[in-house]
Amino acid sequence: MGLLSRLKEKFSKKENKVDDKYVSGMAKSRENFSAKLDKLSSKYKKVNQDYFDNLEEILIEADVGVNLSFKIIESVLDEAKKQKLENPKDINELLIDTMFESYQDSGEVVQNDIRFVDNGPTVLLVVGVNGVGKTTSIAKLANRYKNQGKKVMLCAADTFRAAAVEQLTIWANRLGIEIVNGEPNADPASVCYEAARRAKQENVDLLIVDTAGRLQNKTNLMDELAKMRRVLSKEIEGAPHETFLIIDGTTGQNGVIQAKQFNEVCNITGIVITKMDGTSKGGIILAIRDQLGIPVRFIGLGEKIDDLEEFDLDQYLYGLCVAL
């Protein structure tokens, strides 16, 4: 029994119901991917080279990435020959198995949830270009951990963009949590220093630090982030303990490029994919994991404050392929 069949069996049971957010949030991607696979399968009684060429094209169009698409198809083709599989449905099952294995084998298994330190505040540094939903994602993360009983504080260190500070302040007030911000155009590291100092004084569990996203001048950004990290680590041992990169799922392969560039600047420990409900190219998650080995930790499947889910590979693949 292939993975897809096992997932269908798993999520048909009452105790293992699939999260409706994955099913509804992946609808556009499913239409682009699963429906095309289904249509392709109906055209062939037996698979041939044309079938595999079309399969490869479907993967590329889903933003799985050219190189990873080649590797997946090559693996599926080899395994199909070994098992002497000719039925398109069997090939599609094998395809989903290979996609699952590709994600699992491209990096270490990680805990999605933030790992809190035993003593002192846990510091989460959040990076990403402007317009990807960084501020909203910070608010969703703050809301998540506040609801878990954690004392959360925000740090608005994107001081060169007044709109970012203003938006984050609105969210902090709405959520009823404290925010530390500086004067317009203030040194971001000085805002981090003040936030770290107050977080310790007030026994904060989680300090979430917003940062600038000006990748067009990577040298300045690198210097700025390095200074912020030094200040945070001086005030709080081991800080920042986590660094999340926010990527807009609708940007496709640009998201992979952003991940590469930011990973050169700072040690990314996890990806938060936003706007997955607005994209038809859900394969971006596999592409990022394949090329960088960085896990997707959270996935945005809607616009509401609680529409941020821990990434679940089984539910993701089920949401992507449930129509098969």
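Which residue forms a salt bridge with Asp 187? In this predicted model, the partner is Lys 227, with the closest N and O atoms 2.7 Å apart. The pair links distant parts of the chain. Asp 187 sits in the loop between strand E3 (178-181) and helix H9 (188-201), while Lys 227 belongs to helix H10 (residues 218-235), 40 residues apart. Asp 187 is partly exposed, at 33% relative accessible area. Lys 227 is also partly exposed, at 36%.

The structure holds 19 salt bridges. Among them is the contact of Glu 86 with Lys 46, whose closest N and O atoms are 3.6 Å apart. Glu 86 lies in the loop between helix H5 (66-83) and H6, and Lys 46 in the loop between helix H3 (27-43) and helix H4 (49-61), so this bridge ties together parts 40 residues apart in sequence. Glu 86 is partly exposed, with 42% relative accessibility. Lys 46 reaches 53% and counts as exposed.

Glu 242 bridges to Arg 115, with 3.5 Å between the closest N and O atoms. Glu 242 is in strand E5 (residues 242-248) and Arg 115 in the loop between H6 and strand E1 (122-127), so the pair joins parts 127 residues apart in sequence. Glu 242 is buried, at 1% relative accessible area. Arg 115 is partly exposed, at 38%. Elsewhere, a network of salt bridges links Glu 178, Glu 194, Arg 197 and Arg 198.

Aromatic contacts were also examined. The count comes to 6 aromatic pairs. The rings of Tyr 44 and Tyr 51 have centres 5.3 Å apart and planes at 90 degrees; the pair is therefore edge-to-face, as the angle is over 60 degrees. Tyr 44 is buried, with a relative accessible area of 17%. Tyr 51 is buried at 0%.

Tyr 103 and Phe 311 make a tilted pair, 5.5 Å centre to centre with 45 degrees between the planes. Tyr 103 is in helix H6 (residues 88-105), and Phe 311 in the loop between strand E8 (308-310) and helix H13 (313-321), 208 residues apart. Both Tyr 103 and Phe 311 are buried. Arg 289 lies over the face of Tyr 103, at 4.6 Å from the ring centre. Arg 144 is placed over the face of Tyr 145, at 5.6 Å from the ring centre.

The largest pocket contains about 190 Å³ of space. Its lining has 1 nonpolar, 6 polar and 4 charged residues. Lining residues include Lys 140, Lys 275, Asp 277 and Glu 303. Helix H7 (residues 134-147) supplies the largest share of the lining, 3 residues.

Methods:
Residues are numbered from 1 along each chain as its sequence is written. This is a predicted model: local features need pLDDT of at least 70, side-chain atom pairs count only at pLDDT 80 or more; totals for chains, interfaces and linings use all residues. Side-chain values use heavy atoms; hydrogens and water are left out. On a 1 Å grid over the protein atoms alone, a cavity is a set of points where a 1.4 Å probe fits but cannot get out, and a pocket is an open set with protein on both sides within 12 Å along at least five of seven lines; lining residues have an atom within 4 Å of a point. Grid points are joined across faces, edges and corners, and a volume is the space filled by probe spheres set on the points. Helices (H or I, at least four residues) and strands (E, at least two) are DSSP runs, numbered from the N terminus. Ala, Val, Leu, Ile, Met, Phe, Trp, Tyr, Cys and Pro count as nonpolar, Asp, Glu, Lys and Arg as charged, and the others, Gly among them, as polar. Rings of Phe, Tyr and Trp (its six-membered ring) pair if their centres lie within 6.5 Å; planes under 30 degrees apart count as stacked, over 60 as edge-to-face and the rest as tilted. Buried means under 20% relative accessible area, exposed over 50%, partly exposed in between (1.4 Å probe, protein chains only). A charge sits over a ring if NZ of Lys or CZ of Arg is within 6 Å of the ring centre and within 35 degrees of the ring normal. A salt bridge is a side-chain nitrogen of Lys or Arg within 4 Å of a carboxyl oxygen of Asp or Glu.
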